[in-house]
Amino acid sequence: MNSQIQLINVSQQFSDQGATVHLFSNLNLVIQQGRSYAITGPSGSGKSSLLMIMAGLEQPHAGRLSYFTSNTIAPLDSLRRSTGFVFQQFHLLPELSALHNVALPLKLRGDKYAEEKAEVWLAKVGLANRMNHKPTTLSGGEQQRVALARALVFEPKYIFADEPTGNLDANSAHDVADLLFSCCEEQNAALVVVTHCQKLARRAQRVFNLEFGHCGVQRDDARRGALC
Ligand SMILES: Nc1ncnc2c1ncn2[C@@H]1O[C@H](COP(=O)(O)OP(=O)(O)OP(=O)(O)O)[C@@H](O)[C@H]1O
C-alpha cells in the first residue's frame, strides 16, 4: 500500500535581526506516494522551506508532519530514509566519478551491489558512456542526470527536487524533466518539485501556489502538454 505525508496546520516563521518573518500559516497538505506535485510562488515565499518541512528535515514553527505507511503512523526517520533529493546546483562530489557519485548512497547503506546498481541507473538516464567521468567533465544536463540517478538508485518513496532545471538550457531542462517525471512514475515514487517554471509545474498532477503566506491548490490534468 502507498504511503503518505500529511502536513497538519503547519506554519513557519523565522527571526531576522529582532524581526519575525512569517512565511506561511496553517497549511494542510497531503503528499501521496506515486503522485506528482509542484510548489510555485514568488521568490522568498517559502517554497524551499516548505519542501524541507515536507521531507522531515526542518521543524515547522507550529503544526506537525505525520508520515503514514499502510495507514499506520510511522517514525519520521523512516521517511528520511525513503527520500531522495535533487538540487539546482547538482551537489555532486567533484573528486568522484559519475559511477561513484551514484553508488555512494548505496555504499553508505552497506549495499554490496552498489556499483552494479549505479551502472544500471546511469544507463537509464542515458549516461552509460560517461560513467567514469568526473562532474567537471560533464555538461550541466549530464551532471543533473547523474544527480537524478543518485537520488533514485536506492528506490526511495519520495523525491524532493528544488529548481531541478533552474541551471539548465531549454533542451537539457526538457530532457531532465522527462526523466524526472518518468523515473518517479516507474518507481511509484512521489515527486515534489519546487519551481519558478510554469511549464515544468504544469507537468505535475497537483500544483501548490504559495503566496502571501497561503497555499492555493490547483489541479492540472494537462501535465504532458507543455514542456519546460
Ligand atoms: N533558517 C532560516 N533562518 C532565517 N531565515 C530563513 C531561514 N530559512 C529561510 N529563511 C528566509 O525565509 C524566506 C523564504 O526562504 P525560501 O528559500 O524558503 O523561499 P523560496 O520561496 O524558496 O525562495 P526562492 O524562490 O528565491 O528560492 C527567505 O527570506 C529566507 O531568507
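A compact globule of 228 residues would have a radius of gyration near 17 Å, and the protein comes in at 18 Å, which agrees. Here the radius of gyration is taken over C-alpha atoms, and the globule rule is 2.2 Å times the number of residues to the power 0.38. The structure is a predicted model, so local features need pLDDT of at least 70 and side-chain atom pairs count only at pLDDT 80 or more, while totals for chains, interfaces and linings use all residues. Residues are numbered from 1 along each chain as its sequence is written.

Taken along the principal axes, the C-alpha atoms fill a box of roughly 50 × 40 × 40 Å. The secondary structure comes to 7 helices and 10 strands; these are DSSP runs numbered from the N terminus, with helices (H or I) of at least four residues and strands (E) of at least two. Buried residues make up 40% of the 228. A residue counts as buried if 20 or more other C-beta atoms, placed from the backbone, lie within 10 Å of its own, as exposed if 12 or fewer do, and as partly exposed in between. As for contacts (C-beta atoms, placed from the backbone, within 7 Å), residues 24 or more positions apart account for 69% of those with a separation of 6 or more.

Helix α3 (residues 98-108) is a handy place to start with the helix packing. Its buried residues are Ala98, Leu99, Asn101, Val102, Ala103 and Leu106, and what covers them includes α4 (114-124) and α5. Just after α3, Gly110 takes a positive phi of about 80 degrees.

The axes of α3 and α4 come within 8 Å and cross at roughly 125 degrees. That makes the pair oblique. Axes are lines fitted to C-alpha atoms, for helices over the stretch in contact, and angles run from 0 to 180 degrees between N-to-C directions. Angles under 35 degrees count as roughly parallel, over 145 as roughly antiparallel, 65 to 115 as roughly perpendicular and the rest as oblique. The crossing of α3 and α4 is right-handed, a label used if the near helix is turned clockwise from the far one by less than a right angle, with anticlockwise giving left-handed. On the α3 side, Ala98, Leu99, Val102, Ala103, Leu106 and Lys107 meet Ala114, Glu115, Lys117, Ala118, Glu119, Trp121 and Leu122 of α4. Sorted by class, this contact has 9 nonpolar, no polar and 4 charged residues. Nonpolar covers Ala, Val, Leu, Ile, Met, Phe, Trp, Tyr, Cys and Pro, charged covers Asp, Glu, Lys and Arg, and the others, Gly among them, are polar.

With helix α5 (residues 140-152), the axis of α3 comes within 7 Å and crosses at roughly 25 degrees. The two helices are therefore roughly parallel, and α3 passes α5 in a right-handed crossing. Ala98, Asn101, Val102 and Pro105 of α3 make this contact with Val146, Ala149 and Arg150 of α5. By class, there are 5 nonpolar, 1 polar and 1 charged residues.

Next comes helix α6 (residues 170-187), which packs with α5 at an angle of about 10 degrees, the axes being 10 Å apart. That again makes a roughly parallel pair. From α5, Gly140, Gly141, Gln144, Arg145, Leu148 and Leu152 meet Ser172, Asp175, Val176, Leu179, Leu180, Cys183 and Gln187 in α6. The class count here is 6 nonpolar, 5 polar and 2 charged residues.

A few single residues round out the picture. Leu210, found in strand β9 (residues 206-211), counts as buried because 21 C-beta neighbours lie inside 10 Å. Not counting residues up to four places away in sequence, Leu210 touches Phe24, Ile39, Gly41, Ser45, Gly46, Lys47, Leu50 and Cys215. Ser48 sits in helix α1 (residues 47-54) and is partly exposed, with 17 other C-beta atoms within 10 Å. Leaving aside neighbours within four places in sequence, Ser48 is in contact with Asp162 and Val194.

Asn26 is not a glycine, yet has a positive phi of about 50 degrees. Asn26 belongs to strand β2 (residues 19-32) and is partly exposed, with 14 other C-beta atoms within 10 Å. Glu155, also not a glycine, has a positive phi of about 55 degrees. Glu155 lies in the loop between α5 and β7 (158-162) and is exposed, with 12 other C-beta atoms within 10 Å.

Terms used: Two residues are in contact if their C-beta atoms, placed from the backbone, lie within 7 Å.
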